[in-house]
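Let's take a walk through this structure together. Have a look at it first, and then we'll go through some of its details.

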Amino acid sequence: MTLVTDAQLMADRSKFLKNSTTVGITCVPFSGGQPKGGVDDGPVEMVRFGILDQIQGMGYSVELSENMDKYRTMQPAHDPPIGKLKNPRYVSMAARRVAEQVQAHCSQGRLAVTLGGDHSIAMGTLVGSSAVYGDDLCVVWIDAHSDINTPSSTDSGNLHGCPLSFVLGLCDESDVPADSPFAWVKPCIRQSRLVYIGLRDVDAGEKAILRKHNIKAFSMHDVDKYGIGRVVEMALDHVNKDRVLPIHMSFDVDALDPSVAPATGTPVRGGLTFREGHYICEAVAETGCLVALDLVEVNPALGDPEMAGSTTTAVKLISGNGFCFIIDKEVAEQSPTLKYTIDTSRGGIDSDVAFAEALTNQIQLPEIRGRALDKSVPEFDFGIEVSLELLMAADYLEC
């Protein structure tokens, strides 16, 4: 049996990370970009459930940004709307701090992982990573929503639906005047370097923006039509044809179907399966181009409180999911304690990729499509559990 840590394998494949065996983690307990409380507890719960230990178990060292409680204490006492925008000063202050922390990790050559918090923080993560990697940075945005409303096109005024409009330079002078809290955000991402996967709930104004600027988006219709493997390939070909540019992946857990990840603020039926979300992370990591990853919109407060009990399930699932090390496939297939699920209800996933679902003898995955979900897994924990799995998958390499 040959054991090689993920960290060692990723170091060999990484094209941009100077310090590829270190993960720089920024925890952002922040909910100001949307109205539902609890999303600010997402990163705290992920840490409490053992995510740092799991990353270290894969052979990585961890550098954790300091003073994550500052995101809670920096909220202004008075933050009235500006036009339609809600909590604009608070969102701006948080995003600016995120940008500084992500930039610090990227400048040290670490994989910059940001745990949210709502998706408005991506305004900061993208400013931070692009400050190091430049405007050739590619953005793979995994989400049910396009989050590209401008201050004038948004209906709700919730800034978690607007981060991309700021970094893409889509806001005009009336949207962001010189005295705006967001005047510090300069266009840093090329429109041609952005691609979406998983869209299925897009505002009319956002559709107009996407069409006007010819921004590439693969909806759930495309996933159904082509299969996730082909969709990811086409998405990467669009923004990074030769796989020679750095990639920032921003993953909103509401991209997943609510049967998989119910603990999120804006769930939309008909989303990605667990396996499809997993595969996206694997495929992006496999390019060797991944330099930054956001994992956002986990809201543990939205689970069923009667089912909110065990945190052990999530930790066991992560520690036994086969991502702590790369194990020889032939040995694994002969082991009665290793089981895996092949999702054949959509195309584009073969048995080699499905091997990534192999689990050790600690716990077996429930049916991921939600049709036979094991109710012994608390919904509260399951949203966290899925998020941790996706983070592990972002550093997965096939055997």
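A residue is called buried when its relative accessible area is under 20%, exposed when that is over 50%, and partly exposed in between (1.4 Å probe, protein chains only). This is a predicted model, where local features need pLDDT of at least 70 and side-chain atom pairs count only at pLDDT 80 or more, while totals for chains, interfaces and linings use all residues. Residues are numbered from 1 along each chain as its sequence is written, and side-chain values use heavy atoms, leaving out hydrogens and water.

Let's start with backbone angles. Most residues other than glycine have a negative phi, and most peptide bonds are trans. R243 isn't a glycine, yet its phi is positive, about 55°. You'll find R243 in the loop between α10 and β7 (helices, H or I, are DSSP runs of at least four residues and strands, E, of at least two, numbered from the N terminus). Is R243 buried or exposed? With 18% relative accessibility, R243 counts as buried.

N87 also has a positive phi, near 55°, and sits in the loop between α4 (70–73) and α5 (88–107). N87 is partly exposed, at 25% relative accessible area.

Now for a peptide bond: the one joining G116 and G117 is cis, with omega about 20°. G117 belongs to the loop between β3 (111–116) and α6 (122–133).

Finally, visit D254, in the loop between β7 (247–252) and α11. Leaving aside neighbours within four places in sequence, D254 is in contact (heavy atoms within 4.5 Å) with residues including D143, H145 and R200.
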